[in-house]
Amino acid sequence: MRYGLLFLVSIILASCGNTPQDGDSDVSKKSWEQIAADAKGQTVTMMMWQGDPLINKYMTDFVVPQVKSKYNIQLNIVGGQGNAIVSALMSEMEAGKEKSELDMMWINGETFFQLREIQALHGPFVEQLPNNKFLNWENEFISTDFQQSVNGMECPWGNVQMAWIYDSTRVQQPPMNMAQLAQWVKANPGKFTIPNEFTGMTLLKAWLIELSGSKDGLKGPFNEARYKELSEKLWTYINDIKPYMWNEGKSFPAGVSQLHQLLVSGEVAFSLSNNDAEVDNKILQGIFPKTFKAYVPSGGTIQNSHYLGIVSRSAHKEAAMVVCNFMISPEAQFEKMKPDVWGDATVLNIDKLEGDWKEKFNNIPGRSNAPKRSEIQQYALMEPAAEYMIRLFEDFRKQVIEK
Amino acid sequence: MQGFKKNSAVFLFIAIAVVPVLCGFIYSLLYSVGLAGLLGKGFTLEHWEKLLASSDGLMSIGYTFYLTITTIALSMIMAFAYAWYHFRQPSERSVSKLYLPLLFPPLVAGMAWYFVLSPSGLLSRWSYALGFIQRVEDFPRWVNDDFSFGIILTQFFLVFPIFTLLFLNISKKENLRELYRTALHLGGDKRYFFKNIFLPILWSKGKWVVVLYAIFLMGTYEVTLILGQTNPRTITVFIMEKLSKYNLNDIPQAHAMSVLYSTMMLLFMMILFRLKNWRIA
């Protein structure tokens, strides 16, 4: 019995002691021709959020067949985002697995931050991609992710800005800043809430910046004193309107899809989206009625980019790089930008494009119920450092939910 | 040969059922004190201190017990009543209906009740159509509510049929109908039989299933996530949030909570085993 227990503990301890290792370090030294040749016949597993049928359709009906026919790469898409990606890779690393089941993934800033914390990303690799020359690196909303320089560790894929969604038949003049919102919420009890997850926290970040009085109010690394000063004002503001919020502020939707549902059913008057074009996308799917519109308050909302990352322990880095290169090609970005396909803004600098691509991008059909990009750009706020998100999530529970 | 077979069965059970759980428990314990995990920096009690100092974690335990005890108590009362009714007036049709709620996984049941009870749900719409309410806000809050009415109701409909079927099977196996006839023949009345024979026998034979089901109920996740409030949250929702949200440094707290919960359950079971009336013969 004693020996059995000793054996058990030694097995567990042995499995805890493994440290992460980079997979195939030679990829960084290979020429693109070599990479493209080695990628042929490989199978790439990509983990991504699969919550939108149109986005899924773009991947399965456009990207997957294109990479198969052009490069003979089999791209398998599996569902999972943010936390699921980090958990999966952490578990593999903790178990000492040399090669990951995942090769690449769609990531956002907070996942980028976490994956860098656990050294799970391969790179830098973006400069090796031929289509890197078209990327709009001059745009700081693309070159900087949660105040961290991208440094070639993730490949920009799309760019979005948070927008508010409302029913134009029920709300004639949506509030444009925090002060107007407080008045509106008090005059319309039960019709506003904040989701207790990523999108909700993105809203709180924008409010922190608005409370700072400057667009650059949270620029730079995390600042504890600044956070304390601004977050105190934020909790006072939210707790002031909390009794007038949905369910008297006693509970908050667990996700943005629940918030969308509450908006559709008429329980609340506003929903939020991290994609400024989502309203058109959802109307085309028949999920939202045509009276729904999106807007960006003049107080500003966070604009950020989403990226493609490659797993450091991937056994198919070459093929993953070829897939990334295709996904930032003018052809793939153009298709993705069409409102009836996805409506995701491009990360390419259109002025750098060759042939008739520039004209094609400039002639993409306009948005109908989503605000024009050119109109909301002035209200775009940079993502603050990732620590702000972590602190806001913790303190939203302590200072608002538990009070 | 007989001894070899018996030993092999015990070994197989330990290898398949006990070792993985024990490994998980020890791993969680090591993780919670900083001795495992990618971000572990050596032995520390910091995560335990944080967990035990936060009202959030302790409230999760209390809230989980509240939900479990309430659901089990209501389900048992209803199951005893239904079993007694069926015992006196047997009907195959009324028993077969009990299997219906068991076909729904908790996630589906949670969603179904959400769409029935929520302010924009079916009941609310019918109330509006019939003129009972004028606005959606007038409908009482039965989901994500203060008393967790929605959770208790959903779990009740998942649990009470199981208990009823269990009690009916016990009454059949113990030949209670024959005993009932004899008791009445000898001048006993229904109430006496119910109180002194029916209930004690059903409880005595079914109590372990009830306890094990209560432990299982404490570990459910979906129903409490869909129908519960943001605060307090059940142990499972607490663990999942700590495991999978933005702060990787909170993961050890999730492991600490799972160790705490497992230890509490182990102690509870050990105490039960030591009680005279609960000993398994």
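These legends describe close-up views of a predicted model. Residues are numbered from 1 along each chain as its sequence is written, and chains are lettered from A, with ligands numbered from 1, in the order in which they are written. In this predicted model local features need pLDDT of at least 70 and side-chain atom pairs count only at pLDDT 80 or more, while totals for chains, interfaces and linings use all residues.

**View 1. Helix 8 of chain A, residues 198-212.** Helices (H or I, at least four residues) and strands (E, at least two) are DSSP runs, numbered from the N terminus. The end C-alpha atoms of helix 8 are 21 Å apart, in agreement with the 21 Å that its 15 residues should span at 1.5 Å a residue; the expected span is 1.5 Å times one less than the number of residues. Because 12 of the 15 residues are buried, helix 8 of chain A is largely enclosed by the rest of the structure. Among the buried residues are Phe198(A), Met201(A), Trp207(A) and Glu210(A). Buried means that 20 or more other C-beta atoms, placed from the backbone, lie within 10 Å of the residue's own. Gly213(A), with a positive phi near 85 degrees, follows the helix.

**View 2. Strands 1 and 2 of chain A.** Strand 1 (residues 43-48) and strand 2 (residues 74-79) run parallel and are joined by six bridges; pairing requires at least two DSSP bridges. Met47(A) is opposite Val78(A) of strand 2.

**View 3. The side of chain A that touches chain B.** Contacts (C-beta atoms, placed from the backbone, within 7 Å) link 29 residues of chain A with 26 residues of chain B. Helix 1 (2-16), helix 4 (82-94), helix 5 (109-117) and helix 16 (386-401) of chain A each supply at least two residues of this side.

Notes. Contact = placed C-beta atoms within 7 Å.
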